[in-house]
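Here is a report on a two-chain model. Look at the structure first, then read on.

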Amino acid sequence: MTQTLQRPMPVAERSVPKPRRRITGGGLLSVYTWLIMAWLMVPILVMIAFGFNDTKGRFNQRWQGFTFKWYGRLNEYPELTRALLLSLGIAVVSAIVSGALGTGIGYALGRYRFKGSNTLNGIMFSTISSPELIMGASLLTLFVSLNVGTGPATITIAHIMFSISFVATVVRARVITLDKSIEEAAADLGATPWTTFWKVTFPIILPAVFSGVLLAFALSIDDFVVTNFTAGTYETFPLWIWGSSRMGLPPQVNVMGTLIFAIGAVFAIITGIRGRRGSRRAG
Amino acid sequence: MNRVKRQLAPYLLILPGSLWLLLFFVVPMFTMLSLSLQEGDVVNGYRFTFHWQTYVDAMEDYRTQLIRSLIYGLIATVVLIVLAFPAAYWIAFYGGRRKSTYLFLLLLPFFVSFVLRTISWKQILADQGPVLSPLRDAGLVPDAFHLLGSPAAVIGGLVYNFLPFMVLPIYVALERIDPRVVEAARDLYANPALAFRKVVFPLALPGVFAGVLMTFVPTTADYVNSEVLGGPETTMIGQVIQKQYLVNSDYPTASALSFVLIAVLLIGVFAYARALGTEDVMKVAAR
């Protein structure tokens, strides 16, 4: 453990040699930061560990020995499996739709100056910073006033709503840094604006669009608060966990959580590495 | 023709997305406001009567929970600044080439559902859990000592769940600081503490402000942590609102409480922005 704690120091020394001498306390701070990271991981590790717990009943609280059997018996609770599939379906639809709508907004805000852009920025800022409770509750009042029954459709509507601003923010950040001369070169070579967009601009902003879509997917599959208000009698994965936690969560929940965690982490690492390679090539 | 097309282009691009935000974010705020002033119930329907009494009654009944939420949110935010600043500082100034790896490690827990993480804490902090039972066996804490149900558990959960939202904005602000500025301060005979206080900290303030915005608002309005980790003595306003909407279906009261919460949060955020005294802070936060 101490080895991992001290390892980063030489790297820091190599890349920014001077400030290290000037700004004191780096050693203690590194220990502190690693402790924070370890603390953040504690409940995750507990969750992963108890997916391997050879527990007898549904109460998965005390360690009773190691087993792989829950990975084989993943589908033992049909409602749980159904909830996970519903979550996945909603997340896919929400990620695609909010990806498209958010890219439109992000591109427009990054590229053009137009009347109303400040208002749009303000609304986006409000959706990002307003509490989920308020967004979920207000949507429920809308659906109640319109006499619309809540279910998968209303959950998806809500998820798209809170994801659009995140996608737009990510895409706008990339569009702002775009080198306009590349597009002008395409236009000089006789490309129509339409061709220029699809052949030149879009491939450049594609990584940003992709990160936006991934973010929207993650936001949707993890969401509890807004979903709780817009789900009616339907249950997504987090809602099932919430509803069943009083009766004890079966180890299958830990296994599914572990699998989502592993897939998400691997995905993020791959995108991270690809992004770094891309930026190195560009720089 | 082409000019018109160019002028229309941004509007066509934003049209579907803005319409979505208008219909499902802006309009619902008004239906909620309207519902808070209506009288009636689910069975017989509602009539709009400018019924301000709902607000008066709601405040009388749930003032304690509202004030408690604000206190919890405030404490959690202060603890978050204290915990997050050193970590953000170390990553920004000592992270070197591995900065993004460290940030990734901070975000890693977010691949597990918020609800699942909080329930996992409940398991850890339980009376029979890995923290309390060895302490009790060793006689270090009395038998009647519980972690769950205490304000500390709720605030701890809030801090845990929102830490990255404080670290990231502070990191972004610190990362922009040119190390040479700090060196200049040192060359002008500022000791490390003074250089930090006069140079580094002021430059990091926009990040702290953004972090406060990203954490104070959601922690105050949270109901998951207090529901899972808290007890009857730690009920927060979010739990009340949630229950009024989803269990009691008392929509006017729930909507009135929601609006009081929004108003209080907005006042808090603007007062804080005023107290910091800079418009730059607002601008940076809005970016």
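## A loop proline and its surroundings

A:Pro250 is partly exposed, because 19 other C-beta atoms lie within 10 Å. A residue is buried with 20 or more other C-beta atoms within 10 Å of its own, exposed with 12 or fewer, and partly exposed in between; C-beta atoms are placed from the backbone.

This is a predicted model: local features need pLDDT of at least 70, side-chain atom pairs count only at pLDDT 80 or more, and totals for chains, interfaces and linings use all residues. Residues are numbered from 1 along each chain as its sequence is written, while chains are lettered from A and ligands numbered from 1 in the order in which they are written.

A:Pro250 sits in the loop between helix 13 (237-244) and helix 14 (251-282) of chain A. Helices are DSSP runs (H or I, at least four residues), and strands too (E, at least two), numbered from the N terminus. Not counting residues up to four places away in sequence, A:Pro250 touches A:Arg58, A:Asn60 and A:Tyr77. Contact requires C-beta atoms, placed from the backbone, within 7 Å. A:Asn228 is 22 residues from A:Pro250 in sequence and 21 Å away in space, C-alpha to C-alpha.

## Chain A and its partner

Chain A has 14 helices and zero strands. Of its 283 residues, 40% are buried. Among contacts between residues at least 6 apart in sequence, 78% join residues at least 24 apart.

Across the interface, 73 residues of chain A are in contact with 71 residues of chain B. Helix 4 (residues 26-50) of chain A gives the largest share of chain A's side, 14 residues.

| Class | Residues on the side of chain A that touches chain B |
|---|---|
| Nonpolar (Ala, Val, Leu, Ile, Met, Phe, Trp, Tyr, Cys, Pro) | 52 residues |
| Polar (the others, Gly among them) | 17 residues |

## One helix pair

Helix 8 (residues 132-145) of chain A packs with helix 10 (residues 237-246) of chain B at an angle of about 15°, with axes 11 Å apart. Therefore the two helices are roughly parallel. Angles under 35 degrees count as roughly parallel, over 145 as roughly antiparallel, 65 to 115 as roughly perpendicular and the rest as oblique. Axes are lines fitted to C-alpha atoms, for helices over the stretch in contact, and angles run from 0 to 180 degrees between N-to-C directions. A:Leu133, A:Ala137 and A:Leu140 meet B:Gly238, B:Ile241 and B:Tyr245.

Definitions and conventions. Contact = placed C-beta atoms within 7 Å.
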